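Please keep the 3D view open as you go.

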Amino acid sequence: MWKLGRIYLGLLLGVLLVALLSSPPDSAAEHLQRRIAIALCVALLLAIIATAAFSRTLSDRIITLKNFASRLASGDFRPLPAERANDELASLSEALNRAAAQLDSTFQSLSGDRHRSSAILRSMVEGVAVMDANEQIIFSNGAFSDILNLSGEAIEGRPVIEILRNSELLTMIRRALNGEEGLSTDIVTGIVQQRSFAVTAAPVRALDGVPTERGSSSTPALASDKPSGAIVVLHDITELRRLERVRQDFVANVSHEFKTPLTAIQGFAETLLAGAVDDPQNSRRFLEIIREHSTRLARLTDDLLKLARIEAGKLELQFFPVGITELVENCSETTLLKASRKQIALEIEVPPGLPAMLGDSALLHEVLQNLLDNAVQYTSPGGHICITASVRDHEAVLCVSDTGIGIPLADQQRIFERFYRVDAARSREAGGTGLGLSIARHIVEAHGGRIWVDSEVGAGSRFSFSIPLAA
Ligand code: ADP
């Protein structure tokens with residue numbers, strides 16, 4: 001409006017000025033009046049132009065400030081260029097710039113915190129999920145999806161009941177949503193492949209701007225005593241439980257293994273003391289049984305000590321290049337005698353010129369000898385044993401194949417565990433401790449290799465182990 005008025009006034013003055021300039025003065029007095037009028041018109045015109053220029057700069061600056069405020073609202077915190085003027089608007093622009101810098105740094109630090117927390121949660125091996133008061137998942141990490149076999153599925157935004165089918169877990173989450181603290185339990189999932197989890201759940205009482213009876217809407221306050229959500233953490237303890245079971249089994253096995261020979265020794269010693277010592281024929285037999293059982297006890301103790309040393313990492317390996325042919329020849333010499341006694345044929349297929357392995361010769365000898373002893377042990381007379389060696393991918397692979405009784409598929413992974421035997425009675429009868437393969441596995445793994453078995457019941461077994469090459 002004011003802008004339009006200024007234009008009209010300017011035009012009017014312009015027309016007046018042209019009229020004054022175009023008509024000649026009649027007298028000297030009129031000449032003077034006209035000059036005064038012209039001067040007034042010019043002054044007024046200049047004043048109008050100056051006001052227009054000033055108000056234009058002012059409105060431009062206000063628009064810039066308005067745009068800056070909109071930018072701030074949309075998260076663009078770049079500052080305004082410094083003002084040259086020294087007025088109220090310049091102070092306002094400076095204050096806004098300071099506020100923007102402050103907001104920018106708060107925003108950066110918040111988003112840094114958020115990225116850090118989300119990176120920590122993402123990299124956690126524990127499954128973490130957060131649900132809101134309506135039992136809907138609002139956050140979950142990758143481990144949580146993996147644990148529940150839901151990788152690739154969208155979890156967030158879905159109701160808990162749709163995701164978790166474990167009633168114990170659901171009950172726990174509901175209790176946490178009702179405000180119960182310090183909830184923890186162990187759950188087992190799966191039927192065929194069971195997995196154990198240590199679960200903890202806790203209520204989440206988030207701060208928000210919801211006004212309460214005590215607080216005002218401007219100051220954040222605890223929304224209410226009822227939690228606004230719950231957090232649940234699942235920790236996979238399957239391996240821990242398995243190790244606990246292995247340890248318990250180990251203690252039971254050791255006791256059992258010691259008990260049998262000790263009972264026999266005690267029994268025969270008592271029989272001898274009770275008078276059998278005077279019966280020369282029986283006393284000799286009883287003494288032989290006592291010796292046999294004590295030898296077995298000594299072997300068992302030796303194996304257990306060796307295993308304990310290996311597992312405690314106290315096995316000192318003397319790494320040197322070990323010739324494959326020498327190792328095989330060395331072991332086969334001992335085996336040849338045992339095999340021929342059972343009419344078992346022993347064949348060696350080791351190509352000449354194989355590179356040396358890097359390892360402890362005595363320990364590698366023990367591994368191969370154990371595999372050969374087992375092959376003789378579990379192969380019937382008339383059977384066949386073959387030792388082969390080859391090189392691939394910077395490692396040597398040695399195999400002992402037999403045409404023996406074979407090992408059922410279900411037992412194949414377990415025979416490397418301590419005391420695990422497919423047929424315990426048969427193994428004991430043959431003087432086995434059930435520790436040989438477990439020791440062999442530890443030795444091979446300490447060399448950076450691996451040991452495995454391929455077997456078929458009734459057809460035979462092939463035990464293989466790999467050891468890195470010396471160069
Ligand atoms: P053991 O002293 O009983 O031989 P090992 O640890 O050497 O103990 O072997 C564990 C079990 O693996 C044995 O009891 C046996 O059931 C099975 N096993 C090992 N080698 C063979 C084989 N060559 N053929 C068939 N079964 C075998």
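Predicted model: local features only at pLDDT ≥ 70, side-chain atom pairs only at ≥ 80, totals over all residues.

Residues are numbered from 1 along each chain as its sequence is written, and side-chain values use heavy atoms, with hydrogens and water left out.

**Cores**

The largest nonpolar core holds 46 residues, and Met357, Leu368, Leu398 and Phe465 have the most contacts inside it. Such a core is a set of buried Ala, Val, Leu, Ile, Met, Phe, Trp, Tyr and Cys residues joined through side-chain atoms within 4.5 Å. Buried means under 20% relative accessible area, exposed over 50%, and partly exposed in between (1.4 Å probe, protein chains only). Among the elements that give two or more residues to this core are helix 8 (280-311), helix 9 (324-341), strand 12 (395-402) and strand 14 (460-468). Helix 10 gives the most, with eight residues. Helices (H or I, at least four residues) and strands (E, at least two) are DSSP runs, numbered from the N terminus.

Leaving out residues up to four places away in sequence, Leu368 touches Leu327, Val328, Cys331, Leu398, Val400 and Phe465; contact means heavy atoms within 4.5 Å. A second, separate core of 24 residues includes Met131, Leu170, Leu177 and Phe197.

**Strand pairs**

Strand 7 (residues 229-236) pairs with strand 1 (residues 127-132) in the antiparallel sense over six bridges, and Val130 has Ile231 of strand 7 as its bridge partner. Strand 4 (residues 195-204) also runs antiparallel to strand 7, joined by eight bridges; here Val204 is partnered by Gly229. Two strands pair if DSSP finds at least two bridges between them.

Strands 13 and 14 are antiparallel too, with seven bridges, and Val453 stands opposite Phe463 in strand 14. Their hairpin has three residues between the strands, and Gly458 there takes a positive phi near 85°.

**The ligand site**

The ligand is surrounded by 22 residues, the closest being Asn374, Asp402, Val422, Ser427 and Leu437; a residue counts as near if one of its heavy atoms lies within 4 Å.

| Residue | Distance to a ligand oxygen |
|---|---|
| Val422 | 2.9 Å |
| Thr433 | 3.0 Å |
| Gly436 | 3.3 Å |

The protein covers 97% of the 530 Å² of accessible area that the ligand has on its own. Accessible areas come from the Shrake-Rupley method with a 1.4 Å probe; for residues, only the protein chains shown count as cover.

His293 is found in helix 8 and is buried, with a relative accessible area of 18%. Beyond its neighbours within four places in sequence, His293 is in contact with Pro261, Ala264 and Ile265.

Is His447 buried or exposed? His447 is buried, because its relative accessible area is 6%. His447 sits in the loop between helix 13 and strand 13, and its contacts more than four places away in sequence include Leu317, Phe319, Leu358 and Pro468.

Leu358, in strand 10 (residues 357-359), is partly exposed at 32% relative accessible area. Leu358 and Cys399 are 41 residues apart in sequence and 17 Å apart in space, C-alpha to C-alpha.

Definitions and conventions. Polar contact = N/O pair within 3.5 Å; in protein donor to acceptor, adjacent residues only side chain to side chain.
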